[in-house]
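Hi everyone, thanks for coming. Let me put the structure up, and then I'll walk you through it.

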Amino acid sequence: MGLLEVENLDAQYGRIKALDGVSLSVDEGEIVTLVGANGAGKTTTLRAISGLLKAARGSVRFAGREISRLSPDRIVRLGVGHSPEGRRVFARMSVRDNLELGAYTRRSRSEIAADMEEVFVTFPRLRERAEQRAGTLSGGEQQMLAMGRALMSRPKLLMLDEPSLGLSPLLVETIFGVIRQINARGTTILLIEQNARQALSIADRGYVLEVGRVVFADKAAVLLASEAVRTAYLGG
Amino acid sequence: MKFGRERPFAVLPFLVLPLVPLLDRNNSHIDFLTNAGAFILLALGLNIVVGFAGLLDLGYAAFFAIGSYSYAMLASQQFGIHIPFWVMLFVASVIAAIFGILLGAPTLRLRGDYLAIVTLGFGEIVPQTFLNLTQYTNGPNGISPLDSPSLFGHSFGFSATPYYEVMLALIALAVLLATNLQSSRLGRAWMAIREDELAARHMGINTTTAKLAAFALGASFSGLAGVAYAAKLSLVSPDQFQFNVSVLVLSMLVLGGMGNIWGVIVGSFTLSFINGFLLPQSTNLAHSMHLNLDFTNYRFMLYGVILVAMMLFRPEGLIPSKQRRAEFREAKLDPALAAEEQGEYTLGPGPGAGTGG
């Protein structure tokens with residue numbers, strides 16, 4: 001059984017249906033990516049998993065436990081970290097305070113300090129800027145902070161919403177390298193990307209979303225090679 | 001308790017101020033200081049809601065009313081119940097906290113302007129209710145006299161001094177509580193909510209409980225203020241808790257510096273000083289010079305001038321909190337960012353509520 005099992009998830013914003021029977025699963029240790037065009041329902045899927053949006057129907061099981069009715073804070077405590085769309089760092093707080101807030105659900109000071117050290121090792125730039133206000137960081141640095149902050153809750157599953165958005169190609173390389181590193185250290189990853197080619201190239205498996213439905217699901221390599229996926233999402 | 005350790009100088013005023021009645025025998029001065037103290041308590045309470053958690057509350061006087069009426073109903077001839085003053089301090093702050101939760105709960109999904117309007121409504125409803133429940137509250141006549149507090153068998157009587165000392169003790173307690181709250185886990189949760197509520201939820205902060213805690217704790221301070229104020233006056237009536245009280249307390253925060261405990265105290269005392277001392281004294285002076293001028297009539301004009309001047313020259317307040325200062329400095333450096341932030345605050349759901357995916 002997978003670490004995360006999403007089954008037949010329906011979600012809506014008011015009367016607009018955003019998800020229409022989405023099913024997906026993520027196994028422990030995997031990198032799974034959710035790709036698709038703007039408005040396909042990628043962010044909505046993550047929001048439904050982390051409890052920020054209540055699903056109208058369907059089930060979400062994490063580590064064998066039904067979580068679709070739990071509040072977002074309970075879900076974070078269970079081990080689902082979510083680096084949000086648009087980064088949303090606390091702009092007027094220092095980098096360090098941002099990371100501290102990432103560990104809000106945890107109590108042990110020594111463990112938090114150790115994890116902060118690990119984040120600083122992963123992202124040396126954040127250590128350099130630890131006392132700087134997050135709003136003064138560059139876009140790439142803010143993305144690193146958003147990811148580091150999500151890691152501070154010590155998640156079993158880390159969900160990343162468009163980490164490459166608005167970054168230079170070089171920085172995108174760096175960020176994707178770090179995602180692989182984090183995964184190699186044992187954190188399972190669910191990655192949302194518009195940059196489908198790049199995402200599929202580091203993922204084990206992928207799902208292609210189209211107006212709220214999963215239209216393709218396969219091994220990443222198979223999706224990358226698939227004629228249909230190539231023409232629709234990878235620009236031929 | 002970090003209070004004395006981190007800021008040893010903070011203890012000093014609470015060692016010196018109790019001695020003031022020994023130096024200044026003028027009862028009206030002590031009376032003025034006591035009233036100013038009640039407003040400092042109110043300002044410290046509202047600061048938890050507005051300054052720490054960023055929830056704009058325009059009806060805070062409602063909790064002052066609830067605290068005062070609790071004392072009036074439970075410590076007077078009204079129902080023949082005579083709970084001691086000291087017990088009532090605790091009881092009334094609990095009652096006010098409960099109402100803080102009751103009135104806070106319906107507003108949890110509201111932000112910015114909308115929250116302000118609903119709290120404004122509550123601020124009007126509560127005194128109106130006390131006014132109309134004539135059989136319990138004597139309506140517009142209010143309830144009087146109220147039990148005079150006593151300590152070790154000595155009744156407080158009509159001197160302002162014992163009330164002054166009690167008020168100082170309550171302020172010391174409130175400062176201690178507020179300081180510790182600010183640096184607590186809950187304090188960090190409030191700060192995160194004030195910055196970005198959606199991001200706060202991503203961090204695993206239960207925003208519902210954190211906001212309700214802010215409403216409850218903020219209201220409990222005004223429960224204390226209400227009891228002490230009502231006991232000193234030996235009277236409560238609905239007209240003591242009008243909208244202008246809510247505005248006055250909020251102005252104290254704006255003037256002093258929202259979110260900064262010492263700023264709030266300075267702002268509060270400054271407005272009280274203008275209101276209760278400077279204007280009446282100037283009027284007396286004018287009269288003694290045979291000028292027919294009543295400066296107290298210009299009170300609200302003066303507030304207006306002060307607030308406009310503050311907004312123009314020092315919007316972060318006299319003694320701003322670290323974050324507030326950052327906020328306004330940023331606004332100066334980057335108007336575009338500030339405008340975006342502004343939009344996010346006032347227009348309800350921010351970009352995170354989008355349907356993208």
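**The sheets of chain A**

Let's start with strand S3 (residues 31-36) of chain A, which runs parallel to strand S9 (residues 205-210) of chain A, the two being joined by five bridges. Across that pairing, Thr33(A) faces Gly206(A) in S9(A). When I say strands and helices, I mean DSSP runs, E of at least two residues for strands and H or I of at least four for helices, numbered from the N terminus. Two strands count as paired if DSSP finds at least two bridges between them.

Before I go on, some housekeeping: this is a predicted model, so local features need pLDDT of at least 70 and side-chain atom pairs count only at pLDDT 80 or more, while totals for chains, interfaces and linings use all residues. Residues are numbered from 1 along each chain as its sequence is written, chains are lettered from A and ligands numbered from 1 in the order in which they are written, and side-chain values use heavy atoms, with hydrogens and water left out.

Back to the sheet. S3 and S9 belong to an open sheet of six strands in chain A, ordered S6-S7-S8-S3-S9-S10, and its pairing is mixed. At its edges you find strand S6 (80-83) and strand S10 (213-219) of chain A, each pairing on one side only. From one strand to the next, the twist averages 15°.

What packs on this sheet? Helix H1 (residues 42-49) of chain A does, touching S3, S6, strand S7 (157-161), strand S8 (188-193) and S9 of chain A, with its direction at about 145° to that of S8(A). Helix H7 (residues 169-184) of chain A also packs there, touching S3, S7 and S8 of chain A, at about 155° to S8(A). Touching here is contact, heavy atoms within 4.5 Å. The angles, from 0 to 180 degrees, are between N-to-C directions, with axes fitted to C-alpha atoms, for helices over the stretch in contact.

Chain A has another open sheet, of four strands, in the order S2-S1-S4-S5 with antiparallel pairing. S2 and strand S5 (65-66) of chain A are at the edges with a single partner strand each, so one side of each has no neighbour in the sheet. Strand S4 (residues 57-62) of chain A and S5(A) are joined by two bridges, and Arg61(A) has Glu66(A) in S5(A) as its bridge partner. H1(A) turns up here too: it lies across strand S1 (4-13), S2 and S4 of chain A, at about 110° to S1(A).

**Salt bridges and the interface**

Side chains of opposite charge can pair when their charged atoms come close.

How many salt bridges cross between chain B and chain A? The rule finds three. In one of these, Glu195(B) meets Arg92(A) at 2.9 Å, N to O. On the chain B side, the elements giving two or more residues are helices H10 (185-195), H11 (197-202), H16 (322-333) and H17 (335-346). H10(B) gives the most, six residues.

The contact takes 30 residues from chain B and 32 residues from chain A. About 3100 Å² is buried between the chains, 50% of it from carbon and sulfur atoms; that is accessible area (1.4 Å probe) lost on putting the two parts together, summed over both.

Most residues other than glycine have a negative phi, and most peptide bonds are trans. Arg87(A), not a glycine, has a positive phi of about 70°. In chain B, Ser144(B) and Pro145(B) are joined by a cis peptide bond, with omega about -5°.

Definitions and conventions: Salt bridge = Lys/Arg side-chain N within 4 Å of Asp/Glu carboxyl O.
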